[in-house]
Amino acid sequence: MLSAPSPNEVATHLLAEKGLSLQSLKVIQSLWAGYGQICHITATPDGLLDAKDTQSYILKLITPPPTRANDEGHTRKILSYQVEQYFYSHLAPQLPSSVPVAKCLGSVNEHHANGTSTTAMVLSDLRQQYPIAGEKRNVLSSAQVNAALDWLSGFHGFWWPRINDLDKSLLVLPPLEEVQRDGHDASEKTIWLNGGYTYLATRRTEYTSLAEDSESEWSSALTSRSGSDTQSIAEMAAAFLTPAIPGSTPIDHYQTLIHGDVKSENLFSSKFGDQLVFYDFQYTGLGLGVCDLAKLFTCSVPLSMLVTQKSIPHILPMQVGEKWLLERYWRGLKNTGERDYSWDIFLFHWEIALVDWLRFQASWGFWGNTEWLEARVRHILSDAEWRKALKRAVNGHI
Ligand SMILES: Nc1ncnc2c1ncn2[C@@H]1O[C@H](COP(=O)(O)OP(=O)(O)O)[C@@H](O)[C@H]1O
Ligand SMILES: [Mg+2]
């Protein structure tokens, strides 16, 4: 294959391996920073031209420019496509039908001598069964929110008891560490050691800006070190949530595979919203399930499902709406994972995930249910006992 193949060439090649011929191809979207394209393709089994035999697929084709040393964002993206490809080809086929994901018909991952690469996947077209695209911003219906929680508890619960089967030495490190690692070729990479793209180890630059931002309430609340502490609250929260290889960390018993980019833009649902499927597995890796929930609640759950007040108080304890949603997820998670997770420990994890998510948004920019998130974190951080418990847990005395 040439170094920059066209979508047509790639689609034809991948379909031929499955005895299929390309019938049509339409580019539906460009990927981030022009790194590739998403195309809708139709195909028929070789030799058949009848419309009734036509199948619909999505081609995700990634042809990025060469990696530049120390460019964290670029490196994160490039690695993310390899992670997604690994997920679709090795992990997705293991999922039960109760946790639907796209099927990968075929994929390619080639690295060229000039530093460029071609990564491509042909995926089943989810819109056939799930015609409603989760819209941008905060507009999920309550049926969609519940279905999203059930999908997530099924996904997290399924991987929870299986997570130790993964070869820890092949997990992808935070971007700038991963590129320093010798002797790891692309074909050996699996999923992220730390799922998501907002964790502190890959947001140090943003964190430093927050620490220097005297205008922000969150600058000192999250980044200053009090008394004899060697870490700020944000650093403690991050240390708590960081999966380790090999590890004896406070989250060892609870960590699972997380989706890493849970939001309304990365899901499709059935007409009534009760059946739902997530896609975009570029940031899948280890972590606590509540880290996926922190983003979902802030960015995609309607505020009215979290609070009933017209105006949100400055400091907000957990309200009944938030609690119901969490309980639904928590019951589903324990059920699928067939493991115990005490409500108190679960809530502690949830609160740490909220603090960590706020640290990212405060350093990067806020969107979504900002007032709710800030008021919740003010409440969490106002509890001196909570802060002590976090410090103890991080220092290994839980
Ligand atoms: N399996 C699929 N079936 C149908 N549409 C898909 C599928 N995968 C991706 N898409 C479409 O392509 C768009 C971009 O895909 P995504 O994987 O989220 O990449 P990115 O977020 O990097 O642009 C989605 O918003 C969706 O419209
Ligand atoms: Mg996406």
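**A helix crossing and its aromatic neighbours**

Select helices α7 and α12: their crossing is left-handed. The model is predicted, so keep that in mind at each stop.

Stay on this pair. Helix α7 covers residues 233–241 and helix α12 covers residues 384–394. They pack at an angle of about 50°, with axes 9 Å apart. Angles of 65 to 115 degrees would count as roughly perpendicular and those under 35 as roughly parallel, so α7 is oblique to α12.

Now show the side chains at the contact. From α7, pick I233, M236, A237, A239 and F240. From α12, pick R387, L390, K391, A393 and V394. Colour them by class: eight are nonpolar, two are charged and none is polar.

Next, turn to the rings. The model holds 30 aromatic pairs. Select F87 and F281, a stacked pair. Their centres lie 4.1 Å apart, with 15° between the planes. F87 sits in helix α2 (residues 72–91). F281 lies in the loop between β9 (276–278) and β10 (285–287). The pair links distant parts of the chain, 194 residues apart.

For another geometry, go to Y341 and F346. This pair is edge-to-face, 5.4 Å centre to centre and 85° between the planes. Both residues are buried.

Ring pairs link F87, Y88, W151, F155, F158, W159, F278 and F281 into a cluster.

Key: Residues numbered from 1 in each chain as written. Chains lettered and ligands numbered in written order. Predicted model: local features only at pLDDT ≥ 70, side-chain atom pairs only at ≥ 80, totals over all residues. Heavy atoms only, no water. Axes fitted to C-alpha atoms, helices over the stretch in contact; angles between N-to-C directions. Helix = DSSP H or I, 4+ residues; strand = E, 2+ residues; numbered from the N terminus. Parallel < 35°, antiparallel > 145°, perpendicular 65-115°, else oblique. Left-handed = near helix turned anticlockwise from the far one by under 90°. Contact = heavy atoms within 4.5 Å. Nonpolar A, V, L, I, M, F, W, Y, C, P; charged D, E, K, R; others polar. Phe/Tyr/Trp six-rings, centres within 6.5 Å; stacked < 30°, edge-to-face > 60°. Buried < 20%, exposed > 50% of the residue type's maximum accessible area, 1.4 Å probe, protein only.
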